[in-house]
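Open your viewer and get ready to click along.

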Amino acid sequence: MTMKLDTKIYNVLPPEAMEIRTAVFVEEQGFAKEFDEVDDIAQHFVVFDDKTAVATCRLFEGEPHSYTVGRIAVIQSYRGRQVGADLLRTVERIVRRNKGRSLALHAQVAAQGFYEKQGYAPYGKADYEENCPHIWMRKELGP
């Protein structure tokens with residue numbers, strides 16, 4: 001099956017991102033606190049296959065030149081097809097364009113291997129978000 005993927009960026013949380021995050025994090029994984037104040041300050045990326053929204057994430061700048069990507073979610077039928085990796089590469093391009101030097105994320109420990117394959121390295125100690133172990137990871141993007 002051929003995919004024609006297109007990523008759109010929004011300054012407010014679009015309904016497509018809400019639907020994907022609800023399906024993945026609330027319905028599949030059981031998180032209760034999916035939406036928070038960060039959604040109000042973040043840019044939201046949504047990947048479409050034709051007109052179907054298939055993946056999403058949010059991005060915000062913490063300290064100058066240091067960004068955080070989060071709430072990375074791919075709908076179940078699109079997992080294992082490089083959609084998440086492609087989305088991360090798109091985010092990294094945008095961060096570099098904005099003069100960002102590093103990109104951090106708070107990964108579920110179960111997904112740590114995926115992020116390591118994308119060049120992210122863990123730092124700090126694992127912690128828990130709603131009883132799910134997470135680890136902070138970072139990728140240096142250069143000047």
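## Stop one: a buried arginine

Arg-58 is buried, since its relative accessibility is 5%. Keep in mind as you look around that this is a predicted model. Now show the side chains of Arg-58 and Asp-36: they form a salt bridge with an N to O distance of 2.9 Å. Because Arg-58 belongs to strand β3 and Asp-36 to the loop between α1 and α2 (38-41), this pair ties together parts that are 22 residues apart in sequence. Asp-36 is partly exposed, with a relative accessible area of 25%.

Asp-39 counts as buried, at 6% relative accessibility.

## Stop two: a helix and a network

Next, select Asp-86 and Arg-89, a salt bridge whose closest N and O atoms are 2.2 Å apart. Both sit in helix α3, three residues apart, which means that about one helical turn separates them. Is Asp-86 buried or partly exposed? At 31% relative accessibility, Asp-86 counts as partly exposed, and Arg-89 is also partly exposed, at 38%.

Now select Arg-21, Glu-34, Asp-36, Asp-39, Arg-58, Arg-71 and Glu-129 together: salt bridges that share partners join them into one network. The count of salt bridges comes to 10.

## Stop three: the nonpolar core

Time to turn to the largest nonpolar core, which has 36 residues. Highlight Leu-59, Val-69, Val-91, Leu-103, Leu-105 and Tyr-115, the members that touch the most other members. Colour the elements that each supply at least two residues of this core: helices α1 (15-28) and α3 (83-97), and strands β2 (43-49), β3 (52-61), β4 (66-74), β5 (102-108) and β7 (132-140). Of these, α3 gives the most to the core, with six residues.

Centre the view on Leu-59 and show what surrounds it. Leaving aside neighbours within four places in sequence, Leu-59 is in contact with Ala-42, Gln-43, Phe-45, Tyr-67, Thr-68, Val-69, Val-91, Ile-94, Val-95 and Leu-103.

## Stop four: aromatic rings

How many aromatic pairs does a search of the whole structure find? There are three. Select Phe-25 and Phe-31 to see an edge-to-face pair, 6.3 Å centre to centre with 80 degrees between the planes. Phe-25 is buried, with a relative accessible area of 9%, and Phe-31 is buried too, at 7%.

Then move to Tyr-115 and Tyr-120, whose ring centres are 6.4 Å apart and whose planes are at 85 degrees, so this pair is edge-to-face. Tyr-115 and Tyr-120 are buried.

## Last stop: charges over rings

Select Arg-81 with Tyr-78: the charged end of Arg-81 sits over the ring, 4.4 Å from its centre. Then pick Lys-8 with Phe-48, where Lys-8 lies over the face of Phe-48, at 5.1 Å from the ring centre.

Technical notes
Residues numbered from 1 in each chain as written. Predicted model: local features only at pLDDT ≥ 70, side-chain atom pairs only at ≥ 80, totals over all residues. Heavy atoms only, no water. Core = buried A, V, L, I, M, F, W, Y, C linked by side-chain atoms within 4.5 Å. Buried < 20%, exposed > 50% of the residue type's maximum accessible area, 1.4 Å probe, protein only. Helix = DSSP H or I, 4+ residues; strand = E, 2+ residues; numbered from the N terminus. Contact = heavy atoms within 4.5 Å. Phe/Tyr/Trp six-rings, centres within 6.5 Å; stacked < 30°, edge-to-face > 60°. Lys NZ or Arg CZ within 6 Å of the ring centre and 35° of its normal. Salt bridge = Lys/Arg side-chain N within 4 Å of Asp/Glu carboxyl O.
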